[in-house]
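Reader: I have a structure to go through before I plan anything. Can you walk me through it in plain terms?
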Amino acid sequence: MKAFLPTICLMFLAIFSSQAQTNAAPATNPFPSISTLTTWASLNSQQQFDVAIRAVGFKFEVKEPGAESTAYTYIRKVTVNEVNYTDRIVYRITNNNSASIISLVTASTDLVSLYTPQLATFKNNNCKTEMSKDKNTTCSCYESAAYAIDLCDERVKLTMGDGNKYFVSVAKK
């Protein structure tokens, strides 16, 4: 009888802990909304952008100074359905702070499905970007009074089969 009670307790513990593991929430892969991306593009401050982007799990990777603008690249490693991905976001700001562009590239989440409904209030334009000229890339381009947004789905050849790489660019006009 002394062994019976601990055995029952261990059995209940095992049942409830396995139930808790089964009901655990799936790994999330949050991306900033279009509203957040446009807000970030309006910052004109890498320091403020740095604080904001770290809040969603990105870490600074490299600074690339150029003649007319400086690019700051951030990366985030994520695992979705037991597959590892690297998300990359680039914040490019003109040297005179007149405009900035945020470019987000990932294969971990379908950004087209995520962002297209959020762009309902933007005007849909013909794409004239370099990416849209590629036969393996499908792009939709949007515009408002203050921003130009490109949303692309690029079919890429991977070592273990085909995949998709998604790209969104938010440019302050």
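Reader: What does the protein chain average in pLDDT?
Author: The average is 83, and 80% of the residues score at least 70. pLDDT is the predictor's confidence in each residue, from 0 to 100.

Reader: Where is confidence lowest, and where is it highest?
Author: Helix H1 (residues 4-22) is lowest, at a mean of 45, and strand E1 (residues 59-65) is highest, at 96. Over residues 4-27 pLDDT stays under 50, and the model has 1 contact beyond four places in sequence for them. A contact means heavy atoms within 4.5 Å. Where pLDDT is low, the predicted coordinates should not be read in detail.

Reader: How many helices and strands are there?
Author: The protein chain has 4 helices and 8 strands. Their order from the N terminus is α-α-α-β-β-β-β-α-β-β-β-β. Helices (H or I, at least four residues) and strands (E, at least two) are DSSP runs, numbered from the N terminus.

Reader: And how much of the protein chain is buried?
Author: Buried residues are 35% of the 173. Buried means under 20% relative accessible area, exposed over 50%, and partly exposed in between, with a 1.4 Å probe and protein chains only.

Reader: Change of topic. How many disulfides does a search of the whole structure find?
Author: There are 2, a disulfide being a pair of cysteine sulfur atoms within 2.5 Å. Counting bonded cysteines along the chain, the pattern is 1-3, 2-4.

Reader: Take Cys 127 and Cys 141. How far apart are their sulfur atoms?
Author: They are 2.0 Å apart. Cys 127 is in the loop between strand E5 (123-125) and E6, and Cys 141 is in strand E6, so the pair ties together parts that are 14 residues apart in sequence. The torsion about the S-S bond is about 120°, so this disulfide is right-handed. Cys 127 is partly exposed at 22% relative accessibility, whereas Cys 141 is buried at 5%.

Reader: What about Cys 139 and Cys 152?
Author: Cys 139 and Cys 152 form a disulfide too, with the sulfur atoms 2.0 Å apart. Cys 139 lies in strand E6 and Cys 152 in strand E7 (residues 147-158), so the link joins parts that are 13 residues apart in sequence. With 110° about the S-S bond, the link is right-handed. Both cysteines are buried.

Reader: On to charges. How many salt bridges?
Author: The count is 5. The rule asks for a side-chain nitrogen of Lys or Arg within 4 Å of a carboxyl oxygen of Asp or Glu.

Reader: Which strands hold Asp 87 and Arg 76?
Author: Their side chains meet in a salt bridge at 2.9 Å, N to O. Asp 87 is in strand E3 (residues 83-94) and Arg 76 in strand E2 (residues 69-80), 11 residues apart. Both residues are buried, with Arg 76 at a relative accessible area of 6%. The side chain of Arg 76 also reaches the backbone oxygen of Val 56 at 2.9 Å.

Reader: And Glu 143 with Lys 173?
Author: Those side chains form a salt bridge at 3.3 Å, N to O. Glu 143 lies in strand E6 (residues 137-143) and Lys 173 in the segment after E8, so the pair ties together parts 30 residues apart in sequence. Glu 143 is partly exposed at 30% relative accessibility, and Lys 173 is partly exposed at 49%.

Reader: Last one. Where does Ser 42 lie?
Author: Ser 42 is in the loop between helix H2 (34-41) and helix H3 (46-54). A polar contact of 2.3 Å joins the side chains of Ser 42 and Tyr 147. A polar contact is a pair of N or O atoms within 3.5 Å; within protein, one must be able to donate a hydrogen and the other to accept it, and residues adjacent in sequence count only if both atoms are side-chain atoms. At 31% relative accessibility, Ser 42 is partly exposed.

Note on methods
Residues numbered from 1 in each chain as written. Heavy atoms only, no water.
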